[in-house]
Every structure is written in C-alpha cells, then in structure tokens.
Amino acid sequence: MSTIPDRLSRLAVKHRTDKGTMQPKNNPLSPKRYTPHYNKLFSEMREQPITLFEIGIAHGYSLKMWEEYFPAGMIYGIDTKDSKRFDSKRVKTAICKQQDQAQLTALLAGIDTPLDIVIDDGSHVPADQIASFEVLFPALRFGGYYAIEDLHTHYVDADRLSTGMSFWSLLLANLNNRVKNLPIASIKFYRGLVIIQKSKRKLKVSTA
Ligand SMILES: C[S@@+](CC[C@H](N)C(=O)[O-])C[C@H]1O[C@@H](n2cnc3c(N)ncnc32)[C@H](O)[C@@H]1O
C-alpha cells in the first residue's frame, strides 16, 4: 500500500471504492483512477472545514474515503436508496433522485452552503447530470469544484451521447463566450471524468 503515491488513492484502497488506482478488495468494479486528479486539486483544502456533496452512495465506500480525507469536512450524500446506515457526525445522507430539482433545492436549504465540492457519481445519465448541475452549480462556492464521473457510460446510446455532447458544448460556450454568463474558470477532461472549477469570483456581465 505504501507504493501508492497519494493520500487519497491510499484511502480509496482502504475504503474499497473504485475511484482509486488499484483494484479494490471485494469490489468487482475496476479502478477508475480518478483519485490522483482529485488529490492534486483538493490536497490544499484537506484540513479545511469544507462541504462535499456526492451524488451516488451505493455501499458508502467513497463517503468513508472523503470523511477520512477531509478530517474537518462535512460530507453529504444522496442516493435513490436509503443510506442512513452510513450517517455519522460528519456524514449525512438523504434519499433523493438527482434529477429531482425541487427535492435537491429543498435539501440544499438544510445544509451548509455554499458547497466546496460536488461529485456526481449517480445515475450517469446525461439528462440527470444536467438537472443536478443546474441546481448544484449555483450552490457551489466561487473557486469550488464540480466533478462528473464515468463519462464512458455516455457512449451506451446515441441519445445519451448527443445530450452529453450538447452539455459540454454549452459549458465550453460559457467558458469562452460567456453565453449565459455561467462563472466557469476551467473545464478539465480526464479519462472518464470532467472537473469544472467555478470562477474565483462573480463575473461581470460582458458581451465584448
Ligand atoms: C456507482 S454507485 C456510487 C458509488 C459510490 N460513489 C462509491 O464510489 O463508492 C451509483 C449509485 O447511484 C445511485 N443512483 C442511481 N440513479 C440515481 C439517481 N437518479 N439519483 C441518485 N442516485 C442514483 C445508485 O443507487 C447507486 O447506489
């Protein structure tokens, strides 16, 4: 285990999530290798009292990884299934469909916002990811990170692929053209993963 270079990847092994770089024990899913990217971006705020919101809990593996990685952080998770058994002092879960914007909005009203980090590891359906993004991105603090995982699943059919592609085009248009003036600082694509950083401050409306 000591050969794994970064802290988050070591915790991925410990807590058996497939987000790491090594095959997790008793988890048939292959490693997705997202944790080195996350570690690079998140390590400087590791000790801060951050708020992380994850869509998709399953067996609670990643919730436990985040809980240990951010020793002062609050970790919120939603899933369509009851996950209360994973609740602790710093982990709170709720039953919520990620595409249900009214329910997401109601949930946000009850937690510490703005959020520092959002991880979308839920249905992996582009239309659902867009619905969540529309509610959760505005709730992200300036400079915060919004990650969407498992983009390879967009390729299962033409409909998902075209919805996904339109979403990336819209984000790019906002980055370069400020079409809707979404405050986006950067969009980084990795294998299977996109991480969008919100601008460090509110953008001035500009058409020039
Ligand atoms: C890949 S698993 C999450 C794994 C977990 N994040 C980890 O790394 O240990 C995806 C989870 O998303 C949940 N899910 C599926 N569709 C959903 C939806 N529409 N809204 C919220 N959660 C959903 C599933 O029930 C499943 O538990």
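A residue is taken as buried if 20 or more other C-beta atoms lie within 10 Å of its own, as exposed if 12 or fewer do, and as partly exposed in between, with C-beta atoms placed from the backbone. The structure is a predicted model, in which local features need pLDDT of at least 70 and side-chain atom pairs count only at pLDDT 80 or more, while totals for chains, interfaces and linings use all residues. Residues are numbered from 1 along each chain as its sequence is written.

The protein contains six helices and seven strands, these elements being DSSP runs numbered from the N terminus (helices: H or I, at least four residues; strands: E, at least two). Their order from the N terminus is α-α-β-α-β-β-α-β-α-β-α-β-β. The radius of gyration is 17 Å, close to the 17 Å that the globule rule gives for 208 residues, so the protein is as compact as a globular protein of that length; the radius is taken over C-alpha atoms, and the rule is 2.2 Å times the number of residues to the power 0.38. Along the principal axes, the C-alpha atoms fill a box of roughly 50 × 35 × 35 Å. Of the 208 residues, 36% count as buried. Two residues are considered in contact if their C-beta atoms, placed from the backbone, lie within 7 Å. Among contacts between residues at least 6 apart in sequence, 53% join residues at least 24 apart.

Helix α3 (61–69) is largely enclosed by the rest of the structure, because seven of its nine residues are buried. These are Y61, S62, L63, M65, W66, E67 and Y69, and their cover includes α1, β1, β2 and β3 (91–95). In helix α1 (residues 7–15), the buried residues are L8, S9, R10, L11, A12 and H15, which pack against α2 (35–42) and α3. R16, with a positive phi near 70°, follows α1.

Around the ligand there are 21 residues, of which G56, A58, Y61, S62 and S123 come nearest; a residue belongs to this shell if its C-beta atom, placed from the backbone, lies within 6 Å of the molecule. Two or more shell residues are contributed by each of β1 (51–55), α3 and β2 (74–79). By class, the shell comprises five nonpolar, nine polar and seven charged residues, where Ala, Val, Leu, Ile, Met, Phe, Trp, Tyr, Cys and Pro count as nonpolar, Asp, Glu, Lys and Arg as charged, and the others, Gly among them, as polar.

Helices α4 (residues 101–109) and α5 (residues 126–136) pack at an angle of about 35°, with their axes 10 Å apart. Axes are lines fitted to C-alpha atoms, for helices over the stretch in contact, and angles run from 0 to 180 degrees between N-to-C directions. Q101, L104 and T105 in α4 meet A131, S132, E134, V135 and L136 in α5. This contact has four nonpolar, three polar and one charged residues.

Two individual positions were also examined. L140 lies in strand β5 (residues 140–149) and counts as buried, with 23 C-beta neighbours inside 10 Å. Residues up to four places away in sequence aside, L140 touches P114, L115, V118, Y146 and K198. P28, in the loop between α1 and α2, is exposed, with 7 other C-beta atoms within 10 Å. P28 and A72 are 44 residues apart in sequence and 31 Å apart in space, C-alpha to C-alpha.
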